[in-house]
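Please open the model in your viewer and keep the selection tool at hand.

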Amino acid sequence: MSEIIYEIKDLKKYYEINLGLFKKPKIIKAVNGISFNVKKGEILSLVGESGCGKSTTAKLILKIEEPTGGEILFEGKDITKFKGHELEEYRKKVQIIFQYPYSSLNPRWKVGKIIGEPLKLNTNMSKKEIKERVLYLMEKVGMHPDWYERYPHQFSGGQRQRIGIARALALNPEIIVCDEPVSALDVSIQAQVLNLLLDLQEEFNLTYIFISHDLSVVEHISDRIVVMYFGDIVELKSVDNLFTNPEADYTKKLLSAIPTIKD
Amino acid sequence: MLLSVKNLKTYFYSDAGVNKAVDDVSFDIPRGKTVCIVGESGSGKSITSLSIMRLIDHPGEIESGEIIFEDRNLLKLSDAQMRKVRGKDISMIFQEPMTSLNPSYTVGYQIDEALRLHQKQLNKKQRFEKVVESLELVGIHNPREKYGEYPFKLSGGQRQRVMIAIAMACEPKMLIADEPTTALDVTIQAQVLDLMKDLQEKKGTSILFITHDLGVVYQIADEVVVMYKGNIVEKASAEEIFKDPRHPYTKALLHSIPIPGVTPRKSRLDTVDENVDYLSFPKEIR
């Protein structure tokens, strides 16, 4: 449990915004020198409001964006220096589940093809093996094998999110970045997807980096929580500690704003 | 009672058949109170509110029923009469503050529009003062400067405040809010909810609040209407719904959200069972 897989040191990502030909570009500090660790097998949540840099941090970890400064050490190696074969291997180990199950699936592809795509690109499996693996994954995420030949539009939001989860699991990843995986879903469906994510984590020994603005969900699912505000980390604590003993003013404000059913 | 919906049926017709989006729904909205309609997507909660405003478009049709607003049946009014009700007696706030303002007009102009249409006795200067006042009321700083701003310059929370300002400009007797805070951050959501409660206290407005977030319902509702597949399955005061939910669907819905400090961490949550037809249980209307 305590083995560290990510060590993030003084990570920075700045964006330049051009204001015009003769004006100095404005610099947006999306992530402004943050440091934290991710332990193997844990669920680490990044919380904060829109624009606080939580999604940018996730993009940097996924190596979709390159940092302006700092290091991301994955199992001791700096991912910003990964190239070629090493990068390919890294990409297999780290997967993502997107927020919107409506726009993250190709509407012209059948479910089988969507889930099988990572296998086709990254492994030498035969067509038959791929189909077997896809059917196995569909079973794992609670989908009926008959749905193999269906298109995404034939499913509800919750079912589509299951397709996205199956696709993320295809290559046996170690880490899954979940970018607001339930915020676009109905409450009752949210519960199903959260249950599924917890079950899968246990079964496949996954590490989740969970991004959310819903603190009730975060409290339920996380081991540790990183609270971000304007590109900085204001608090990083175990879930127990954060909810019973918030220190930063911003965390207190955030916690008091959750509309809960408890008085 | 300010507004009573009686046996409302709104159907949508297509080649595939009839979709009974709202199927025989009745409830009341008392003066100065907040009624919440809770339900999942497709439960008919938004169609119910659009039916009250008579904003149902082809292929939808209000089949039957009555919507009594201060002794008048809104469904019997002519289009011209209905236009006078909308924005003046009943106004509406929509879910997406990003898309429900017109990007080509200034914020002030858009608030002013409601006054131009419904308060013709006011002159230009009086209207300007009223717009500034309503911007102030919804907590926008420097309202005089913000009058001339275009929506793109405002954040989501500020835009939703402007939407509320437009809705409240003519001091309507009823406000329909269709998921007004769903697209906002939690801290901004808390501010907007406070603002709505505040305005209700000051002006005595009745609110019909549509949401799927039970936490929000707990914060603001006096009465709760639970909708499922076009029907009301349970109707009770907010206190009763949360303390003693009776309908199996309401129970399932309440148990499907984790409550910090109550739900054991990482436990598997109860879910609404897709294979159960919750309509087969007797309705719990108190």
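Does Leu19(A) count as buried, partly exposed or exposed, and at what relative accessibility? The model is a predicted one. Leu19(A) has a relative accessibility of 46% and therefore counts as partly exposed, since that class lies between under 20% for buried and over 50% for exposed. Select this residue in the loop that joins strand 1 (4-17) to strand 2 (26-39) of chain A. With neighbours within four places in sequence left aside, Leu19(A) is in contact with Lys24(A) and Lys26(A).

**Second stop: two helix pairs in chain A**

Select helix 3 (residues 111-122) and helix 5 (residues 157-169) of chain A, whose axes come within 7 Å and cross at roughly 30°. Because angles under 35 degrees count as roughly parallel, helix 3 of chain A and helix 5 of chain A are roughly parallel to each other. Their crossing is right-handed. To display the contact, show Val111(A), Ile114(A), Ile115(A) and Pro118(A) from helix 3 of chain A, together with Ile163(A), Ala166(A) and Arg167(A) from helix 5 of chain A. By class, this contact of helix 3 with helix 5 of chain A comprises six nonpolar residues, no polar ones and one charged residue.

The crossing of helix 3 of chain A with helix 4 of chain A is right-handed. On the side of helix 3 of chain A, the contact involves Val111(A), Gly112(A), Ile115(A), Gly116(A), Leu119(A) and Lys120(A). Helix 4 of chain A contributes Ile130(A), Arg133(A), Val134(A), Leu137(A) and Met138(A). Divided by class, the residues in the contact of helix 3 with helix 4 of chain A are seven nonpolar, two polar and two charged.

In soluble globular proteins, nonpolar side chains tend to be buried together. Which residues have the most contacts inside the largest nonpolar core? Select Ile164(B) and Phe209(B), which hold that place in a core of 55 residues. Helix 6 (residues 156-168) of chain B supplies the largest share of this core, six residues. Apart from it lies another core, of 41 residues, which includes Ile43(A), Ala166(A), Leu194(A) and Leu269(B).

Return to Phe209(B) and show its surroundings: residues up to four places away in sequence not counted, Phe209(B) touches Thr34(B), Val35(B), Cys36(B), Ile37(B), Ala177(B), Pro180(B), Leu193(B), Met196(B), Val216(B) and Ile220(B).

Select Phe230(A), in the loop between strand 9 (224-229) and strand 10 (232-238) of chain A. Its phi is near 45°, a positive value in a residue other than glycine. At 60% relative accessibility, Phe230(A) counts as exposed.

Next, move to Asp71(B), in the loop between strand 4 and strand 5 (72-73) of chain B. Asp71(B) likewise is a residue other than glycine with a positive phi, near 70°. Its relative accessibility of 77% means that Asp71(B) counts as exposed.

Finally, select Pro59(B), in the loop between helix 1 (45-52) and strand 4 (60-69) of chain B. Is the peptide bond from His58(B) to Pro59(B) cis or trans? This bond is cis, with omega near 5°.

Key:
Residues are numbered from 1 along each chain as its sequence is written. Chains are lettered from A and ligands numbered from 1 in the order in which they are written. This is a predicted model: local features need pLDDT of at least 70, side-chain atom pairs count only at pLDDT 80 or more; totals for chains, interfaces and linings use all residues. Side-chain values use heavy atoms; hydrogens and water are left out. A nonpolar core is a set of buried Ala, Val, Leu, Ile, Met, Phe, Trp, Tyr and Cys residues joined through side-chain atoms within 4.5 Å. Buried means under 20% relative accessible area, exposed over 50%, partly exposed in between (1.4 Å probe, protein chains only). Helices (H or I, at least four residues) and strands (E, at least two) are DSSP runs, numbered from the N terminus. Contact means heavy atoms within 4.5 Å. Axes are lines fitted to C-alpha atoms, for helices over the stretch in contact, and angles run from 0 to 180 degrees between N-to-C directions. Angles under 35 degrees count as roughly parallel, over 145 as roughly antiparallel, 65 to 115 as roughly perpendicular and the rest as oblique. A crossing is left-handed if the near helix is turned anticlockwise from the far one by less than a right angle, and right-handed if clockwise. Ala, Val, Leu, Ile, Met, Phe, Trp, Tyr, Cys and Pro count as nonpolar, Asp, Glu, Lys and Arg as charged, and the others, Gly among them, as polar.
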